[in-house]
Amino acid sequence: MGIVNYGHRGVPHVYLAAPLLSDGTWNASHYTNPDYDALFAQFNAELDLGAQRDLAGQIQTLLNEEIPYAVPYFLDFISVTSADFEGLVTTGMGHFDILNARFSG
């Protein structure tokens, strides 16, 4: 069994690699499956979104058949600003890029 608090991640690669790859850095459960490792390598290298979705489906099927995998909660990151403030960028990690942020009024 492994328990990982991921927080908020911008891409699914951390969820798929760290706890599930045979040599994953957070693989506390010691899950090992060469087929999974190969599917993840293909998913990680794939540039075509449709092909990546197909590989993600194969990964999902494999994991559903082999192991219990529960995600008991999700974190929401909400960014709020006002009409006279522009240029603020909220990243997929919940961080703020304020390099071009400014008041316009």
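**Briefing: helix packing and aromatic pairs**

Of the protein's 105 residues, 21% count as buried. The model is a predicted one. The protein has three helices and four strands, and along the sequence these follow the pattern α-α-α-β-β-β-β. Taking the contacts between residues at least 6 apart in sequence, 34% join residues at least 24 apart.

**Packing of α2 and α3**

- Helix α2 covers residues 34–45, and helix α3 covers residues 49–66.
- The axes of α2 and α3 lie 9 Å apart, and the two helices pack at an angle of about 160°.
- That angle makes α2 roughly antiparallel to α3, because angles over 145 degrees are counted that way.
- The crossing of α2 and α3 is left-handed.

**Residues in the α2–α3 contact**

- On the α2 side, the contact is made by D35, Y36, L39, F40, Q42 and F43.
- On the α3 side, these residues meet Q52, L55, A56, Q58, I59, L62 and L63.
- By class, the residues of this contact divide into nine nonpolar, three polar and one charged.
- The aromatic residues Y36, F40 and F43, which belong to the pairs described below, are among the α2 residues that meet α3.

**Aromatic pairs**

- The structure holds three aromatic pairs, one of which is formed by Y31 and Y36.
- The Y31–Y36 pair is edge-to-face, with 6.2 Å from centre to centre and 70° between the planes.
- The edge-to-face label applies because planes over 60 degrees apart are counted that way.
- Y31 has a relative accessibility of 10% and therefore counts as buried.
- Y36, with a relative accessible area of 0%, is buried.
- F40 and F43 form a tilted pair, because their ring centres are 6.5 Å apart and their planes are at 35°.
- F40 and F43 both sit in helix α2, and because they are three residues apart, about one helical turn separates them.
- Both F40 and F43 are buried.

**Points to look for in the model**

- In α2, Y36 is buried and is one of the residues in contact with α3.
- F40 and F43 are likewise buried, and each is among the α2 residues that meet α3.

Key:
Residues are numbered from 1 along each chain as its sequence is written. This is a predicted model: local features need pLDDT of at least 70, side-chain atom pairs count only at pLDDT 80 or more; totals for chains, interfaces and linings use all residues. Side-chain values use heavy atoms; hydrogens and water are left out. Rings of Phe, Tyr and Trp (its six-membered ring) pair if their centres lie within 6.5 Å; planes under 30 degrees apart count as stacked, over 60 as edge-to-face and the rest as tilted. Buried means under 20% relative accessible area, exposed over 50%, partly exposed in between (1.4 Å probe, protein chains only). Axes are lines fitted to C-alpha atoms, for helices over the stretch in contact, and angles run from 0 to 180 degrees between N-to-C directions. Angles under 35 degrees count as roughly parallel, over 145 as roughly antiparallel, 65 to 115 as roughly perpendicular and the rest as oblique. A crossing is left-handed if the near helix is turned anticlockwise from the far one by less than a right angle, and right-handed if clockwise. Contact means heavy atoms within 4.5 Å. Ala, Val, Leu, Ile, Met, Phe, Trp, Tyr, Cys and Pro count as nonpolar, Asp, Glu, Lys and Arg as charged, and the others, Gly among them, as polar.
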